[in-house]
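This report concerns one protein chain and the surroundings of selected residues in it. Please consult the sequence and the coordinates alongside the text.

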Amino acid sequence: MTNIHELTVEELVNKIKDKALKPSEVVNAYYEKIEKDEEAVNAFITITKDEALERAKDLDALQAENKMDGALFGIPFGIKDNFNTRDVLTTCASQMLENFYPVYTATSVKNLEDANALSLGKLNMDEFAMGSTTESSYYKVTTNPWNLNHVPGGSSGGSAAAVAAGFVPFALGTDTGGSIRQPASYCGVVGMKPTYGRVSRFGVVAFGSSFDTIGPITKTVKDNALVLEQMAGLDERDSTSADKEANFLSSIDQNLSGKKIALPKEFLDERTGEDVKKAVKEAVKVFESLGATVEEVSLPNIKYGVSAYYLLASSEASSNLARFDGIRYGYRAENPKNLDELYMKTRSEGFGEEVKRRILLGTYVLGSGHYDKYFVQAQRMRRAFIEDFKKLFETYDLIIGPTTTGVAPKLKGGAQHNEVDDVEALLNDVLTIPANMTGIPAISIPCGMSEDGLPIGLQILSDHYNEAVIYNAAYKFEERYNLHDELNNLKMEVK
């Protein structure tokens, strides 16, 4: 018999609407799974069990009255801890916000609550979403459910690990340079970075405002499309949000005959591991067998992406994080002698090493004498990226390639050791950064396994607001290859 926590979002929706399951039964089943394995995985910062069970009882009553409104009625989910949630601790995995309780809820979360989904808690992440391993969190180190001695990726590592471990059927993440897709790849789940503006950023703590994108992490492609449909839409409180129709499921099962797919040769260069190359080449064969044409292309500017991205994102982070000064809210240093010392001590003590490193880089880049040399040049490279991809999409419907250059690396010093990213981890973002530089949508889906039993992710990209085309291709591929059974049978152990 299938356990409740093994069901997909789609299956849970159907069972609840058929009254085969009550929302309270579903919520209790997930909390039982969390209580069993959370100590090993460390996915949550805050668990909101009392609130979730209370809400589930309300939904039970509505179910009994046949008032099951909302596409996600009774479906639990997890929230990355940089989404504001009213009266629920929101820390961004930082000491700086260790006692912060927002007075409002982020629009994306509110949209899901309006669809009658209910949160089980807030998920661990790299501090202020700055990192690639979830090891820069102030509170704990999250592990990879496939092998507890490996990282889950980052910065949405808690979200990806929670879905892979069966703690939630779906979770929210943010993607500034790959922070949904990279952990989804490492954890063998599905992660979508939508078009910039597809989902409102209102209520999400900013890292790089022109890069930050909100998306879902799920076990299946269809689940992902269903959740994104509920999250997306125009928000008058976010001027960057777009009034675009979000209908992804109606075309998800179309055949791929006639689709033209580009495979940039730079995605499979010497930086990419042999296991990953092999899995992607096998994926190419699958798409060709589905009727699509796959052709090799060149994107030579890709090699400049990491440098340009970190200059721009760090500059925006430097500006966005200036508000954390010990005056209005958040951590405040004790016994400062004057205002200058209050600022210095608060920010020195309240921020972790990785966050301080990026603030310093961004401040330097924006400084007098450096702005034209670094920031302006990086913006020019961003424009070149946009033009390169625009030209490519004049010929091709989709771009594919590996999500990451390798599989999940080992934790540094073991599961209890906290250490910030190194240069190698930053360079691993080379394949995910282009979608953030250009604002286009991209998804990561499982496409293979390494020799040591870790998942490999395939990235599928398309032009702005073409999420439906991505979901269609991803769904048809998933019919040939998926990790559903393997996810349900994870042992949660060190290997």
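The paragraphs below treat model confidence, the annotated positions and one further residue.

**Confidence**

The model is predicted. The protein chain has a mean pLDDT of 95, and 97% of its residues reach 70 or more. Residues 414-421 form a stretch in which pLDDT stays under 50; for this stretch the model has 27 contacts beyond four places in sequence. Where pLDDT is low, the predicted coordinates should not be read in detail.

**Annotated positions**

An unreviewed UniProt entry lists Lys80, Ser155 and Ser179 under "active site". These residues are spread over 100 residues of sequence, yet they cluster in space, with a largest C-alpha distance of 11.2 Å. Ser155 and Ser179 are included in the lining of the largest cavity.

Lys80 belongs to strand β2, which covers residues 76-80. Its contacts, apart from residues up to four places away in sequence, include Ser155 and Ser179, and also Lys122, Leu123, Met125 and Ala129. Ser179 is placed in the loop between β4 (170-175) and α6 (181-187). Beyond four places in sequence, Ser179 touches Lys80 and Ser155, and among its other partners are Gly131, Gly154 and Thr174.

Two polar approaches involve Ser155. The side chain of Lys80 makes a polar contact with the side chain of Ser155 at 2.7 Å. The backbone nitrogen of Ser155, in turn, lies 3.1 Å from a polar side-chain atom of Ser179.

**A further residue: Phe351**

Phe351 is located in the loop between α10 (339-350) and α11 (353-366). Its C-alpha atom is separated by 8.8 Å from that of Tyr138, although the two residues are 213 residues apart along the chain.

**Burial**

| Residue | Relative accessible area | Class |
|---|---|---|
| Lys80 | 0% | buried |
| Ser179 | 7% | buried |
| Phe351 | 4% | buried |

Why does Ser179 count as buried? Its relative accessibility is 7%, and the class applies because buried means under 20% relative accessible area. Lys80, at 0%, is likewise buried, as is Phe351 at 4%.

How values were computed: Residues numbered from 1 in each chain as written. Predicted model: local features only at pLDDT ≥ 70, side-chain atom pairs only at ≥ 80, totals over all residues. Heavy atoms only, no water. pLDDT = per-residue confidence, 0-100. Contact = heavy atoms within 4.5 Å. UniProt positions renumbered as here; feature names shortened; annotations may be inferred. 1 Å grid on protein atoms, 1.4 Å probe; cavity = no way out; pocket = protein on both sides within 12 Å on 5 of 7 lines; lining within 4 Å. Helix = DSSP H or I, 4+ residues; strand = E, 2+ residues; numbered from the N terminus. Buried < 20%, exposed > 50% of the residue type's maximum accessible area, 1.4 Å probe, protein only. Polar contact = N/O pair within 3.5 Å; in protein donor to acceptor, adjacent residues only side chain to side chain.
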